[in-house]
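Trainee: I would like a close look at a single part. Please keep the answer connected.

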Amino acid sequence: MSPTLAQRADALAAALDAAGDRLPPTVTDAPRALLSRVRERAGLSGEHTVVALAGATGSGKSSLLNALAGADLAATGVRRPTTSHPSAVVVGSPPGGGDPGPLLDWLEVARRHAVAAGPGLPAGLVLLDLPDHDSVVVEHRERADRLVARADLLVWVVDPQKYADAALHEGYLRALAGRDDVVVLVLNQADRLAVGERDAVLADLARLAAADGLPRARVLAASARTGDGVDALRDLVRVAAERRESTTRRFGADLRAAAREVADACGPTASRRPRAVVADGLVDALAAAAGVPTVVDAVRRSAVRRAGAHVGWPPVRWLARLRPDPLRRLHLEPRPAAEAEVSRTSLPPAGAAQRAAAATAVRDHVDAALAGAPDAWVLAARARVDVAALPDALDHAVARTPLLPPAPARWWRAVGALHALLLAAAVAGALWLGGLALLAYLRLPEPVTPVWGPLPAPTALLLGGLVGGVLLALLGSIGARLGARRRAGAAARRLRAAVADVAERLVLAPLAAETDALAACRGAALRAAA
């Protein structure tokens, strides 16, 4: 079911509202003026049908109006232009009543003639005699143009000499393309032509109208002097007035044409890919600009260092503590959540290549999302994306992302306790052997030393503690590096999620607002044009 005139107007208004100032005035000014005319006309008498007779100088439209009305109401003569101001013939009072005064005031027609309704002229008909559209007086042409835009039914009166005039076809009829139902072409002064010539001119006039986009426009011949064809034109006007559909058809066609222009200006519908897939390249570039690879490497090395502080061989790990923590050097050590929210990192600023890659990724993402959209719309989207705020936002996102668990792993504790036992055994064995050596040096009697397997007990304690500690440290180092790799991977995922959140907030969400507005504009325009 086709939308009503009000629905078309509302849809076109919604399209223009969605467009805002993103479409150029050359596209939006005319539709806005049209909406104003449609709403103004809707508030005036719906019982009256305005039929405008328009034409060039000398086409005889005033004589034709007199012939239609059956009275000499419009001034005619040999002096041109004769019609400098529009005049109206108001026929009777329609059955539903309605004062034509406000309607004629809106049309800005001061010269008014009232005639009684008759068999050929139904009540409610308003005939307008327009100024010549090719007048040398600019004011006259402007009056004609204004009424052409406001009339319900347009009767273009042409003569055999100027029916193919470019000023008519290029300046008016082509602009009315698609409005066949409300355009009538009348070849006046047909009595000057022979029958064969008249038919040839009518055929050519119909051909020109079709080329102008009016293939179904009604074309007929008439003569205001002899009266030939006047009855046919009067019947056509009568039917239009009785049906009271011309207003809806005229403005409906105007709204459809304007809506098609707005829809075309919005560009083709962009292909929709999953948003997460589209944003992957953008997040990759922003992650590189934020120094995420550097942070992930620091997480891995810091995890190895922290694990080594628990599972390494005690003498070595005590020395290892003297080395700085890679995360602490970047000001990314674990801290309370409230402090992390306001802290900054010590990451080196992104290089020129990384910054350029991030800016290019943002621009390419915007351009891809708005492919085919008007340039003004693309520029508006770029303006909404706050590229300048990205560096600080990315640094803050990295600073508040938890990178390593605050508590050590359970197996670290177990390995650390085992290291303590092995170290204690080695120390005990060393002290035992030292005591035995001291007794031997002092030539004192040595106590009986137990033997464990092939070795004396103190030697077994010393060697077992040292060898066991070294082997345990090697196994712990392998486990620490494997665990560090897993923790670095988990940190990389959290950092990427933080970068993606920044991209969503500063790039994707503003861009989505623009693409949604574009889709809303295009969709509403297509509904109005349906």
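Which residue's side chain does Asp-231 meet in a salt bridge, and how is H7 placed among its neighbours?

Mentor: First, the ground rules. This is a predicted model, where local features need pLDDT of at least 70, side-chain atom pairs count only at pLDDT 80 or more, and totals for chains, interfaces and linings use all residues. Residues are numbered from 1 along each chain as its sequence is written, and side-chain values use heavy atoms, with hydrogens and water left out.

Asp-231 meets Arg-234 in a salt bridge, at 2.6 Å from N to O. A salt bridge here is a side-chain nitrogen of Lys or Arg within 4 Å of a carboxyl oxygen of Asp or Glu. The two residues sit three apart in helix H8 (residues 230-243), so about one helical turn separates them. Helices (H or I, at least four residues) and strands (E, at least two) are DSSP runs, numbered from the N terminus. An α-helix has 3.6 residues a turn, so residues three or four places apart point the same way. Arg-234 is buried, at 16% relative accessible area. Buried means under 20% relative accessible area, exposed over 50%, partly exposed in between (1.4 Å probe, protein chains only).

Now H7. Its 17 residues should span 24 Å at 1.5 Å a residue, and the end C-alpha atoms are 24 Å apart, which agrees. The expected span is 1.5 Å times one less than the number of residues. Val-201, Leu-202, Leu-205, Leu-208 and Ala-209 are buried in H7. They cover an arc of only 125° around the axis, so they lie on the same side of H7. That arc is taken from the directions from the helix axis to the C-beta atoms. The buried residues pack against strand E5 (153-158), H6, E6 and E7, where contact means heavy atoms within 4.5 Å. The face turned away from the buried side carries exposed Gly-196, Arg-207 and Ala-211.

Just after H7, Gly-213 takes a positive phi of about 95°. Arg-216 forms a salt bridge with Asp-181, with the closest N and O atoms 3.2 Å apart. This pair links distant parts of the chain, 35 residues apart: Asp-181 is in the loop between helix H6 (166-173) and strand E6 (183-187), and Arg-216 is in the loop between helix H7 (195-211) and strand E7 (218-221). Arg-216 is exposed, at 55% relative accessible area. Asp-181 is partly exposed, at 35%.

Across the whole structure, the search finds 26 salt bridges.
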